[in-house]
Structure formats: structure tokens, C-alpha cells
Amino acid sequence: MEKTLKLVVLGANGRTGELVLQTALAKDMHVTAVVRSADKAPKLQHARLHVVVGDPCDPVVLASVFRDHDAVISTLGGRLPTKIATSVYFRSATAIVDAADGAGLKRVLVTTTALLFPDQTLLGKLLRIVVPNVVRSAGRMEDILRGSGLDWTLARAGFLNNTSVATYRAQKGALPENGTAVSRLALAHFLIDAIADPKTHGAAYGVSQTRT
């Protein structure tokens, strides 16, 4: 009998995080959502969904949650491009690494920014100047995961939208051609699909919309 995967989701109250929850539950996974406060708990209710209230940047909280789980997906990110708000990228990465080490969890997937790809369009180069805190903090998060010894995947995306398109294109090391945008739903599907996809392990993938 195939083992049911047990997943932890950080940032579960966000727009992408909620779609990760829905997608995981639709694939019969058991999901634990970590939220900062009870009023931020997901509206979604399900027999296989468990909600834990705690700081996702606290390794003690995460260590207690990670035990007996197979993977963690983090969709955490700053709601504003300020230094303090974007620090959640690397603070959560540090907590994940510290907690996973003692809990025996190895598989980590995170959302990050396509602005970290070396080849940028003119718009991308301008955005790197406009939102330097996003670039620095997300880059620091990625460096922490690379040096962790964990089994990580980086999902780098450009502009996110709220369309109902669930299909995606994913390319290792770059955004797919003309792939500057992706729906949050498609990004959620990539994250869930990538958990068990060995090609995505230890790699940064650009995730974008499908061709129209």
C-alpha cells in the first residue's frame, strides 16, 4: 500500500499558500498548515488538514511540527518590499534548516523570485534596482538552503496572477521563454508535483504560464 505523504505548509494563509493546501489535499496528502495567529487560519476545513498556530521563523515551533512529516513547502515572502518584511525569506530558511536537522525532515521546497536568474530582460534589470531587498533576502534564503544538506527545490517565479490556469511550464536554471508571469494556482501545482520529482531536487526552476 502506497504511503500517504505528510506535508507542512508555511505561509498557508497567503494567496499562494492556500492554493498549495487545496492542491495537496486534492492529491490525498495529509497537510499541516503553520500560521502566526488563529485569526490567520485558512478558511478551508478538511479532515486531512491540521492547523498549528506559531511563528514560522521559530525553529522550536517548526521542529515540533516537522516530526513525522515528509516535506515542507514555504510560500512565505514579504507583503511589502521593505528590508524588514522581506527578511522573512532568510529568517524562515534558517528556522527550517535548524528544525529539519533534529526532526529528520529532508525535503524542502520554497517560492522565491525569478529576479535571481543571471539572464534578465531590461524590465528584470530595472526591477532588481527597484526591489533590492527582495533580491538580497531571497538570495540569502537560497544560499542558506544550498548549504544546508537538505533536499531542496527553489521555485523561481515572475509576476503572479490570480487566474484559474493550473498548467505550467518549468525550466531548470531559467524562466521558460516569454514566461514572465504565472498563476498562483499553477505555481502551487508545480510545488506539489515537484515533491516527488527527482529532477527538481537540488535545483532552481523557473516556473511560468503555459503558452497561449
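Q: Why is α1 called oblique to α7?
A: Helix α1 (residues 15–26) packs against helix α7 (residues 184–194) at an angle of about 50 degrees, with axes 8 Å apart. An axis here is a line fitted to C-alpha atoms, for helices over the stretch in contact, and the angle runs from 0 to 180 degrees between N-to-C directions. Under 35 degrees would be roughly parallel, over 145 roughly antiparallel, and 65 to 115 roughly perpendicular, while the rest is oblique. So α1 is oblique to α7.

Q: How do you know where these values come from?
A: This is a predicted model, where local features need pLDDT of at least 70 and side-chain atom pairs count only at pLDDT 80 or more, while totals for chains, interfaces and linings use all residues. Residues are numbered from 1 along each chain as its sequence is written, and side-chain values use heavy atoms, with hydrogens and water left out.

Q: What is the handedness of the crossing of α1 and α7?
A: The crossing is right-handed. That word applies if the near helix is turned clockwise from the far one by less than a right angle, and left-handed if anticlockwise.

Q: What makes α2 oblique to α4?
A: The angle again: helix α2 (residues 59–66) and helix α4 (residues 88–103) pack at about 40 degrees, with their axes 8 Å apart. That puts α2 oblique to α4. α2 passes α4 in a right-handed crossing.

Q: What makes Lys27 and Asp193 a salt bridge?
A: Their closest N and O atoms are 4.0 Å apart. A salt bridge needs a side-chain nitrogen of Lys or Arg within 4 Å of a carboxyl oxygen of Asp or Glu, and the pair qualifies. The helices and strands named here are DSSP runs (H or I, at least four residues, for helices; E, at least two, for strands), numbered from the N terminus. In total, the structure holds 8 salt bridges.

Q: How do you know which parts of the chain Asp151 and Arg107 tie together?
A: These two form a salt bridge, with their closest N and O atoms 3.9 Å apart. Asp151 lies in strand β6 (residues 151–157) and Arg107 in strand β5 (residues 107–113), so the pair ties together parts 44 residues apart in sequence. At 25%, Asp151 is partly exposed, whereas Arg107, at 5%, is buried.

Q: Why are Glu142 and Arg146 separated by about one helical turn?
A: Because they sit 4 residues apart in helix α6. Salt bridges that share partners join Glu142, Asp143, Arg146 and Arg156 into one network. The Glu142 and Arg146 bridge has its closest N and O atoms 3.2 Å apart.

Q: What makes Leu122, Leu126, Ile129 and Val130 a patch?
A: Patches take residues with over 30% relative accessible area and no salt bridge, joining like charges within 9 Å and nonpolar side chains (Val, Leu, Ile, Met, Phe, Trp, Tyr) within 5 Å. These four form a nonpolar patch on the surface, with about 450 Å² of accessible area together, an area from the Shrake-Rupley method with a 1.4 Å probe, where for residues only the protein chains shown count as cover. One of the four, Leu122, is in helix α5 (residues 122–130), and at 63% it counts as exposed.

Q: What stands out about the phi of Asp28?
A: Asp28 has a positive phi of about 70 degrees although it is not a glycine. It lies in the loop between α1 and β2, and with a relative accessible area of 51% it is exposed. Asp68 also has a positive phi, near 70 degrees. The place of Asp68 is in the loop between α2 and β4 (71–74), and at 63% Asp68 is exposed.

Notes
Buried < 20%, exposed > 50% of the residue type's maximum accessible area, 1.4 Å probe, protein only.
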